[in-house]
Amino acid sequence: EHQLSNDLDTIINEAERCKVIVADLLEFSHQTSYEMEPVDLNEVVRKTLVILENQPLYHNIEVTLNLDEDLSPVLGNTIRLNQVLMNLLVNAAQAMDGSGVIKITSRSRASNGVNEILITDSGPGIPDDLQEKIFEPFFTTKSTGEGTGLGLSVSYAIVKEHKGTIRAVSNVGEGTTFTLRFPAVVNNLMGVSNVQ
């Protein structure tokens, strides 16, 4: 109940915000290699959702899953892939102001040589003139203090580390779909190999 209590709360909140910004900057500048192993993308999706479901931002969001349970694994780092999905799902929730529908689909493509994850939201969409900028470092449409503009650029870098691709398709008023594609680890006569 001290008279400085509100000021101290502000200091703590702003210090936490600075911590996030510094972490994003370090992540963005980090060029370290990570341990890669066969990863179940569906499991990454489920673990990410467990983390998010208790967040206040997700209380009024309906998440529908359409996961292909026969997906081959991908060669990856679970923590890094979790970070990508977390960034995309938090951005989707923020775009919808915490109310709407997010659909997550996993499926195989290219004769099971490529795995896709699609994240579709029912938000307002991204204007055409901004779509080409969304993966640029420090680009953000959020208000000052709400975002660093590094979430999507870091996600882009992580996907590239995994020899994958990320793209967004959006129409204003119709929501946005982010598509992640990764080469599957396919068992064949020569052992386990990466197929692009």
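## Basis and overall make-up

Helices (H or I, at least four residues) and strands (E, at least two) are DSSP runs, numbered from the N terminus. On that basis the secondary structure of the chain comes to 5 helices and 9 strands, and from the N terminus on the elements run α-β-α-β-β-α-β-β-α-α-β-β-β-β.

This is a predicted model, in which local features need pLDDT of at least 70 and side-chain atom pairs count only at pLDDT 80 or more, whereas totals for chains, interfaces and linings use all residues. Residues are numbered from 1 along each chain as its sequence is written, and side-chain values use heavy atoms, with hydrogens and water left out.

Of the 196 residues of the chain, 37% count as buried (under 20% relative accessible area, with a 1.4 Å probe and protein chains only). Among contacts (heavy atoms within 4.5 Å) with a separation of 6 or more, residues 24 or more positions apart account for 69%.

## The nonpolar core

A nonpolar core is a set of buried Ala, Val, Leu, Ile, Met, Phe, Trp, Tyr and Cys residues joined through side-chain atoms within 4.5 Å. The largest one here has 33 residues, and those with the most contacts inside it are L88, L89, I102, I104, I117, I119 and L180. Elements that give two or more residues to this core include α2 (41-52), α3 (78-95), β4 (99-109), β5 (114-121) and β7 (176-183), and the largest share, 8 residues, comes from α3.

I119 touches, beyond residues up to four places away in sequence, L85, L88, L89, I102, K103, I104, T176, T177 and F178.

## N115 in strand β5

N115 has its place in strand β5. Is this residue buried or exposed? N115 is buried, with a relative accessible area of 0%.

A polar atom of the N115 side chain lies 2.6 Å from the backbone oxygen of S72. Leaving aside residues up to four places away in sequence, N115 touches a set of residues that includes L41, L71, S72, P73, V74, R107, S108 and L180. L180 is also one of the residues with the most contacts inside the largest nonpolar core.

Definitions and conventions
Buried means under 20% relative accessible area, exposed over 50%, partly exposed in between (1.4 Å probe, protein chains only). A polar contact is a pair of N or O atoms within 3.5 Å; within protein, one must be able to donate a hydrogen and the other to accept it, and residues adjacent in sequence count only if both atoms are side-chain atoms.
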